[in-house]
Amino acid sequence: MVSDKWLRDVPLAPRTTWRIGGPAKFFFAPETPDEAVEAWSSARQRGIPVLVLGKGSNLVVADEGWPGLALALSDRMNKAEWTRGPSGNLRVRAQAGAKLSVLAASAVRSGGAGMEKLAGIPGSLGGAVLMNAGAYGQETAQVVVSVLACDAEGRKFELGADECAFGYRTSCFRDGEFLVLEAGLECAPGEAASLKAEMERHLALRREKQPLELPNAGSLFKRPQGDFAGRLVEAAGLKGFRVGDAAISEKHANFAVNLGHATARDVRRLADEVIRRVRERFGVELETEQIFL
Ligand SMILES: Cc1cc2nc3c(=O)[nH]c(=O)nc-3n(C[C@H](O)[C@H](O)[C@H](O)COP(=O)(O)OP(=O)(O)OC[C@H]3O[C@@H](n4cnc5c(N)ncnc54)[C@H](O)[C@@H]3O)c2cc1C
């Protein structure tokens with residue numbers, strides 16, 4: 001039984017980029033998609049809530065922790081197999097726990113185009129598919145060919161990219177009813193040296209603009225229609241605004257950072273207060289991009 005291998009009371013804060021959150025009651029790091037499906041479906045059948053954990057780079061875990069099973073895919077479920085299609089396209093079939101940045105850098109090295117601007121996103125492939133992670137005009141959905149997932153009962157199914165309901169930071173996997181196991185990606189042929197230069201330019205842009213020296217989880221808010229969340233937050237005078245040890249970054253107003261001992265409650269209160277002040281000032285309703293548990 002896979003549940004014999006579950007650990008108990010495992011701290012989740014070190015597994016999130018925020019470095020925030022209490023322990024998971026149960027914890028399991030599957031090695032294969034079949035092990036992941038077994039753990040996922042046996043927990044669900046027993047009424048145990050499951051938190052699928054990728055790289056924890058878009059999550060605010062509650063201070064009380066997670067009352068069910070944390071299924072950590074990135075520890076061991078990260079294999080990838082590369083092939084070349086007949087038209088010269090570079091293909092990869094990768095497990096959900098694979099690091100997006102590693103896949104993007106491998107694609108670039110082999111002359112595969114379409115992921116060079118995604119290399120700075122610190123998530124897993126599963127998290128990137130679920131969120132349709134994207135940056136500088138590139139999105140995960142643009143290179144996805146298929147996704148292997150399973151439903152609440154553990155039944156596996158494969159969807160083509162056009163069946164995944166990809167949208168701005170969303171997909172059909174977003175509501176938590178499915179477990180993403182693997183994805184097939186395809187990159188058009190490109191020139192490795194120029195792709196590498198593009199990748200490095202965008203990594204440098206991130207280092208320049210984003211507060212990468214402090215724990216955070218990327219953009220705090222989604223982009224509102226016709227505007228930028230960072231512009232609105234800055235114009236509302238909220239750069240540096242602080243609740244406990246959670247603060248709006250001085251460097252980038254759509255990043256909130258952990259100044260040391262921030263709690264999930266601090267982050268939630270910070271986000272709510274920023275939403276309130278931006279609404280009052282500009283009549284725009286900001287929506288958080290990060291997932292609060
Ligand atoms: C410094 C920094 C910069 C960032 N820049 C960007 C950016 O440019 N663009 C962007 O889009 N995002 C960005 N992000 C946010 C984040 O990296 C992405 O949203 C990423 O795709 C999240 O992947 P993850 O593996 O960390 O997911 P997690 O945070 O582990 O999980 C996020 C959600 O996905 C679910 N999930 C994860 N894996 C699976 C799976 N296999 N099956 C089912 N559900 C799953 C989780 O349960 C959770 O609900 C940034 C974050 C940081 C810290």
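**Ligand shell, sheets and helices in a predicted model**

Let me start at the ligand: one of its oxygen atoms lies 2.8 Å from a backbone N or O atom of Gly54. I count a polar contact as a pair of N or O atoms within 3.5 Å; within protein, one must be able to donate a hydrogen and the other to accept it, and residues adjacent in sequence count only if both atoms are side-chain atoms. What you see is a predicted model, where local features need pLDDT of at least 70 and side-chain atom pairs count only at pLDDT 80 or more, while totals for chains, interfaces and linings use all residues. Residues are numbered from 1 along each chain as its sequence is written, and side-chain values use heavy atoms, with hydrogens and water left out.

A polar backbone atom of Asn58 sits 2.9 Å from a ligand oxygen, and a polar backbone atom of Gly134 is 2.7 Å from a ligand nitrogen. Alone, the ligand would expose 970 Å², and the protein buries 93% of that; these areas come from the Shrake-Rupley method with a 1.4 Å probe, and for residues only the protein chains shown count as cover.

How many residues surround the ligand? There are 35, and the closest are Val52, Gly54, Ser57, Ser124 and Gly134. By class, the shell holds 19 nonpolar, 13 polar and 3 charged residues. Here Ala, Val, Leu, Ile, Met, Phe, Trp, Tyr, Cys and Pro count as nonpolar, Asp, Glu, Lys and Arg as charged, and the others, Gly among them, as polar. The largest share of the shell, 5 residues, comes from helix H3. Helices (H or I, at least four residues) and strands (E, at least two) are DSSP runs, numbered from the N terminus.

Axes are lines fitted to C-alpha atoms, for helices over the stretch in contact, and angles run from 0 to 180 degrees between N-to-C directions. E1 and E2 (residues 23-28) pair antiparallel over 4 bridges, and Arg8 has Phe26 in E2 as its bridge partner. Contact means heavy atoms within 4.5 Å.

A second open sheet also has 4 strands, in the order E14-E17-E16-E15, and its pairing is antiparallel. E14 and E15 (242-243) are the edge strands. E15 pairs with E16 (residues 246-248) over 2 bridges, and Val243 has Ala246 in E16 as its bridge partner. Helix H6 (residues 264-282) lies across E15, E16 and E17 (255-258), at about 30° to E16.

Next, a hairpin. E6 (residues 80-84) and E7 (residues 90-95) pair antiparallel over 5 bridges. There are 5 residues between the two strands, and Gly88 in the turn has a positive phi of about 90°. Thr83 stands opposite Arg91 in E7, and Glu81 has Arg93 in E7 as its bridge partner. E7 is also joined to E13 by 6 bridges, running antiparallel; there Gln95 has Glu182 in E13 as its partner.

Last, a helix pair. Which residues of H2 meet H4? Ala105, Val108 and Arg109 in H2 meet Ala192, Leu195, Lys196 and Met199 in H4. That contact has 5 nonpolar, no polar and 2 charged residues. The axes of H2 (residues 100-109) and H4 (residues 192-209) come within 8 Å and cross at roughly 145°.

How values were computed
Near = heavy atom within 4 Å. Pairing = 2+ DSSP bridges.
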